[in-house]
Amino acid sequence: MVSRVIPVDPFELVIFGATGDLARRKILPGLYRRFLAGQIPPEARIIGAARADLAPDAFREQVAEAVTEFVPHTLRDPKVLADFLKHLDYIAIDAKGEGGWAQLKSTLRPGVIQVFYFSVAPGLFGDLAERLNSLGIAGPDARIVVEKPFGRDLASARALNATLARHFEERQIYRIDHYLGKETVQNLMAVRFANILFEPLWKSEYVDHVQITVAETVGVEGRGTYYDTSGAMRDMVQNHLMQLLCLIAMEPPYHFDPNAVRDEKLKVIRALDPVHPDDIVRGQYLPGGGEGGYTDHAENPASRTESYVALRAHISNWRWKGTPFYLRTGKRLRARASEIAITFKEPPHSIFDDETGWRENVLVIRLQPDEGMHLMVMIKEPGPGGMRLTQVPLDMSFADALGAEHAETPDAYERLIMDVIRGNQTLFMRGDEVEAAWAWTDPIIQGCEARGDRPQAYDPGSSGPEDALMLMHRDGRRWREIR
Ligand code: NAP
């Protein structure tokens with residue numbers, strides 16, 4: 001199967017923070033890959049901006065190095081790279097200063113799609129938005145892309161929304177959550193809404209519970225100071241896990257339209273019950289395997305910030321009343337694995353005498369690694385041993401099902417940047433969605449702080465704290481193995 005590349009219209013993309021880590025690792029290599037795929041038109045321009053006083057050629061040199069480092073060698077082509085670099089320019093601009101803005105204004109061509117990517121610290125978003133607007137640089141249809149974190153609580157998210165809203169309309173603001181750009185996440189919507197098979201079963205009557213796991217093997221090293229002001233609830237649950245939960249739980253939108261999809265997600269967030277203190281477990285990883293523990297990397301050795309969290313959430317609406325959603329995420333765990341598992345209920349009546357091999361049907365949606373879906377179904381164990389049951393997966397590995405062409409699925413950032421250029425906000429969080437997510441998250445964090453909860457220690461390379469296992473055991477359920 002050959003992938004279809006839909007070219008975008010000519011654009012000018014200004015990346016503020018173009019010399020930073022995110023631009024180097026994700027944004028610029030992603031743009032190279034889209035160029036390689038033929039999606040970037042000849043008239044497109046990518047303008048890097050940061051305070052560093054770099055000549056455009058020195059910036060191009062940095063980008064060439066980033067592509068060499070972060071693009072697989074099978075996709076690296078010196079001729080294509082040289083052509084890609086011709087689309088690049090650089091202007092030294094301080095978000096808080098005066099220099100460079102006039103040059104930026106004079107270089108942008110009227111009538112071409114304008115995208116301003118704020119890949120800088122959130123404290124600079126307001127300065128950038130203000131200058132782009134007051135200096136008349138951003139046109140009425142310009143788009144801005146803002147990176148996470150979008151606030152650290154409801155009050156700061158509201159303030160940030162208000163700041164951006166002073167200069168840009170909501171239709172111009174793209175709040176990025178790269179989880180939504182993953183192939184499998186979008187496939188979740190295709191599976192749910194393009195098939196009749198699942199929808200009748202997609203409710204508490206048939207779904208026993210849902211597990212959402214985002215496990216990382218890395219710790220916070222290098223990011224300890226920042227992370228310690230955040231923790232897993234803010235860094236992962238409020239945004240990424242929440243978005244995944246919404247896509248599973250939402251009602252079918254009337255159309256695959258940005259606001260229709262986001263309206264349905266918002267309803268889910270608003271229907272989430274407050275989390276009971278007994279339904280949350282926080283953890284911190286210990287030293288091990290030659291690496292320091294969480295508190296060795298945090299500025300405060302007595303830090304109570306969680307590097308792991310597991311919780312049980314309930315959605316109070318007709319579809320989901322009574323079906324728990326178990327969420328967990330953590331650092332320095334056994335494996336790097338992100339997946340959603342939907343476990344269905346037992347059949348109402350069994351006709352088989354021997355049910356020793358019986359297990360529930362589970363739909364596993366794997367986000368990384370090995371993007372794909374597996375539906376665990378019961379069949380007869382092969383052989384002459386009578387009617388014995390066994391469970392097998394109905395597999396849909398994207399790499400296998402779609403062939404080599406798709407084995408290297410585009411990175412989430414590539415896809416999302418192309419969506420911004422196309423003006424499609426479906427996979428970006430709307431301001432009210434972000435605020436609703438904080439409104440649910442804030443009391444959980446505040447509750448833990450008010451109770452003085454200490455995170456439970458866990459071993460690196462494990463599947464998290466003991467109490468997290470108990471969170472499910474007490475309900476007669478168990479977490480899926482992290483692998
Ligand atoms: P970073 O490595 O610290 O880079 C920051 C960039 O901003 C640099 O290019 C820096 O260059 C520029 N900058 C700093 N102050 C500036 C100013 N006053 N005016 C103009 N440019 C300025 O940060 P990062 O890791 O790339 O993160 C960028 C944003 O993405 C942050 O909001 C972060 O939370 C978010 N994010 C990052 C990641 C990631 O994996 N890195 C993941 C998710 C979200 P100069 O010093 O030369 O100005």
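Reader: Which atom of the ligand does a polar side-chain atom of Asp21 lie 2.7 Å from?

Author: A nitrogen atom of the ligand. Keep in mind that this is a predicted model.

Reader: OK, and what about Arg25, what does its polar side-chain atom sit by?

Author: An oxygen atom of the ligand, at 2.5 Å.

Reader: Where does Ala95 come in, backbone or side chain?

Author: Backbone. An N or O atom of the Ala95 backbone is 2.8 Å from a nitrogen atom of the ligand.

Reader: How much of the ligand does the protein bury?

Author: The protein buries 72% of the 870 Å² that the ligand exposes when taken alone.

Reader: Which residues around the ligand come nearest?

Author: There are 21 residues around the ligand, and the nearest are Thr19, Asp21, Arg25, Arg51 and Val120.

Reader: Which helix gives the most to it?

Author: Helix α1, residues 21–36, which puts in three residues.

Reader: Switching topic: at what angle do the axes of α2 and α3 cross?

Author: Roughly 140°, with the axes of α2 (residues 56–70) and α3 (residues 78–85) coming within 10 Å. The crossing is right-handed.

Reader: Which residues make the contact?

Author: From α2 you have Arg60, Val63, Ala64 and Val67, and α3 brings Leu81, Phe84 and Leu85.

Definitions and conventions. Residues numbered from 1 in each chain as written. Predicted model: local features only at pLDDT ≥ 70, side-chain atom pairs only at ≥ 80, totals over all residues. Heavy atoms only, no water. Axes fitted to C-alpha atoms, helices over the stretch in contact; angles between N-to-C directions. Helix = DSSP H or I, 4+ residues; strand = E, 2+ residues; numbered from the N terminus. Left-handed = near helix turned anticlockwise from the far one by under 90°. Contact = heavy atoms within 4.5 Å. Near = heavy atom within 4 Å. Polar contact = N/O pair within 3.5 Å; in protein donor to acceptor, adjacent residues only side chain to side chain. Areas by Shrake-Rupley, 256 points an atom, 1.4 Å probe, with all protein chains shown as cover.
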